[in-house]
Amino acid sequence: MKRSVLSATLGLVLAGALALPATAVAAPAAPSAPAAQTHTARAAYAGSAEETANNQAFFQAVLAAVKAKRAADPGLTTVTVTYDTTNAPSFAGDIANAAQIWNSSVHNVQLQEASGGSGDFSYNEGDDPNGSYASTDGHGHGYIFIDHQQAQQYYSLRIVAHETGHVLGLPDDYSGPCSELMSGHGPGTSCTNAHPDANESAQVDSLWANGLAAAN
């Protein structure tokens, strides 16, 4: 699920050592997609340095919320990250299912729908030639955008679970197999796997160990 138009986004480089960036990366606005570009053409997209930087910055928005929770409870071992679905009613079912998938796959962080229309991040929906992505508003608040056309071409639950993986710290790996959730649209439209594999789950748990110690 390609994410180029990001003002700031999540996605730690979790190969080997799970290193957090020292500061948020301010990502420039992505160039407009050519008018002739289609979702099929975008399926061959292999990522970019800009997208990786945007992913890292998105995580900083989530990290800010975690720091506040750590301050309130220094002994926190499992972090609850809350989300808001107000602006994505069409995908409410997929969002709930994606949260359940992740909550059953990892232990050190859990996802929970926020009450009162606010959360650590939110889900939005609409139409964007760049597809679905995870982003921030530049003010420390993260959101996941789900593109209608992409969700019609690809399995929508996989899209939502994949983008949620960025919230939890995972980068894209478009060259991976269908069994790898973060391979996104790389395996093609026939891929309907919406679950992280064992390695992806372990990466998230390692990153969020001890209530995300890096938030201290």
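**Close-up views of a predicted model**

**View 1. The buried histidine H162 in a predicted model.** At 0% relative accessibility, H162 falls under the 20% limit and therefore counts as buried, in a model that is predicted. H162 belongs to helix α5, and the side chain of H162 is joined to the side chain of D172 by a polar contact of 2.8 Å.

**View 2. The packing of helix α3 against helix α5.** Two packed helices are described by the angle between their axes and the distance between the axes. Here helix α3, made of residues 92-105, packs with helix α5, made of residues 156-167, at an angle of about 55°, and their axes lie 9 Å apart. The two helices, α3 and α5, are therefore oblique to each other, and the crossing in which α3 passes α5 is right-handed.

**View 3. The residues where α3 and α5 meet.** From α3, the residues D94, I95, N97, A98, I101 and W102 meet S156, L157, V160, A161, T164 and G165 of α5.

View 4. T85 is placed in strand β1, which spans residues 79-87, and because its relative accessibility is 13%, T85 counts as buried. When residues up to four places away in sequence are not counted, T85 touches I95, E113 and Y123.

Definitions and conventions: Residues numbered from 1 in each chain as written. Predicted model: local features only at pLDDT ≥ 70, side-chain atom pairs only at ≥ 80, totals over all residues. Heavy atoms only, no water. Axes fitted to C-alpha atoms, helices over the stretch in contact; angles between N-to-C directions. Helix = DSSP H or I, 4+ residues; strand = E, 2+ residues; numbered from the N terminus. Parallel < 35°, antiparallel > 145°, perpendicular 65-115°, else oblique. Left-handed = near helix turned anticlockwise from the far one by under 90°. Contact = heavy atoms within 4.5 Å. Buried < 20%, exposed > 50% of the residue type's maximum accessible area, 1.4 Å probe, protein only. Polar contact = N/O pair within 3.5 Å; in protein donor to acceptor, adjacent residues only side chain to side chain.
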